[in-house]
Amino acid sequence: MAGPTHTVEKIGGTSMSRVHELRDTLLIGDRPNLYGRIFVVSAFGGITDLLLEHKKSGEPGVYAAFASGEDDHGWLAALDRASEAMGAAHRVVLDHPGDLERADAFVRDRLVGAKNCLIDLQRLCSYGHFRLSEHMLQTRELLSGLGEAHSAFVTTLMLQRAGVSARFVDLSGWRDTGEVSLDERILGAMSGIDAQTEMPIVTGYAQCREGLMREFDRGYSEVTFSRLAALTGAQEAIIHKEFHLSSADPKLVGADAVRKLGRTNYDVADQLSNLGMEAIHPKAAKTLRQSGVPLRVTNAFEPHDPGTLIDDQPAESPAVEIVTGLDVFALELFEQDMVGAKGFDAAILEVLTRHKVRIVSKVSNANTITHYVDSSLKVLRRVEKDLVERFPAACVSSRAVAMASAVGRDLDGLAVLSRGLNALADAGLSAIGATQGPRQVDVQFIVERDALAGTIRALHGALVETQSRDVAQAA
């Protein structure tokens, strides 16, 4: 299957849309040995949005139109749009007429198959014994898997045309009548493949008994990637993004001010994920960490740069590594008689869990519990209603705020909290609240939403740029 020195590497959707640019650099380039690398690919950029729904705007794709059940015209038209977009995507990557013909036939076969499946499902559920709602998760997985199967197939064609011994590895379970676990799906597909003499191009979606979308929704490709790395004993797992993992967003603080991270650990990666700056899905990071596989995050378009190594090692010296932020809501429950009483925490958590609200952070005192949550206002109003019904004597309120956080493997002795507050004051800004836990890995500053960008700039200047200048002067 693989040797002791192979890597498992993932290319994200935005980078996949430029995979033809990566052919002669990242994928082939001037390497003395092309092989010993297994690539896991996402769908081409925008394709999953058309197959499911737009990730940000919520505009319906095939799945959302089918799920609404309003009429057949809606989802059939959405399927046609997805088909056209998939064809346009592979015409950017491929130029040989034979390859284009094979790619067109692949899209036609998969989408006609999906169309017939959905029509049959509608017909079946027209009988009273069957409910369409019971099959929607499988429908979502079927549609989503089309995107990764397409991009993996097209990338394999591109590489084969360039003389690479590439192999299309389809984990999507297309027309597979068996039921297998994720591990069985991966091991079965990889059996008989010698990664030292060929280059497997693997779909980021894997159909399995567990149902990846049930827990991970559209984060499934990183779960497939991490499990593949763990099962094959990879030397490293590598994620190729379209940017470097840096000390802050260069658009906010300036490209000259940011510092590329050379190394950090999984603890920091978890903190970043909590703040929406996801280097890797937390469950995928857990798989790699427990398997002893280090993760490297690189810029796909700078293949000679080693990027950022993420492992389980502590920092050599204390430092703020990243400053980032997130828009959140402060959900506050005040109850004068809370002090000394039990059950408030558990009840609030039960309501938030039931409404699938993600908790970013939490603070409390004698009679007030405040959760900083990542949620829509619509869902938050339902949460407030439930809490008022549960605690009629309490005052429940929510407020749109933002959270900026200074993160590092070791912040001990850096006085990040006081220095950060001073930096905000010097910039004419103020914090609504600030929190530092005993573990010394992050310090959080709560500010007004319109102050988030300025807060990140001020904190980065005081905690990262000044720190870098001090190190340079000492050297």
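A polar contact is a pair of N or O atoms within 3.5 Å; within protein, one must be able to donate a hydrogen and the other to accept it, and residues adjacent in sequence count only if both atoms are side-chain atoms. This is a predicted model, in which local features need pLDDT of at least 70, side-chain atom pairs count only at pLDDT 80 or more, and totals for chains, interfaces and linings use all residues. Residues are numbered from 1 along each chain as its sequence is written, and side-chain values use heavy atoms, with hydrogens and water left out.

**View 1. Histidine 240 and its polar partners.** The side chain of histidine 240 makes polar contacts with the side chains of threonine 298 (2.7 Å) and glutamate 9 (2.7 Å). Histidine 240 is buried, at 5% relative accessible area (buried means under 20%, with a 1.4 Å probe and protein chains only).

**View 2. The surroundings of phenylalanine 225.** Beyond four places in sequence, phenylalanine 225 is in contact (heavy atoms within 4.5 Å) with residues including Val8, Val40, Ile280, Leu288 and Leu295.

**View 3. The largest nonpolar core.** Here 88 residues come together, and Leu27, Leu159, Phe225, Leu288 and Leu295 have the most contacts inside this core. Such a core is a set of buried Ala, Val, Leu, Ile, Met, Phe, Trp, Tyr and Cys residues joined through side-chain atoms within 4.5 Å. Its largest share, 10 residues, comes from helix α7 (residues 136-161; a DSSP run of H or I, at least four residues).

Note on methods. Buried < 20%, exposed > 50% of the residue type's maximum accessible area, 1.4 Å probe, protein only. Helix = DSSP H or I, 4+ residues; strand = E, 2+ residues; numbered from the N terminus.
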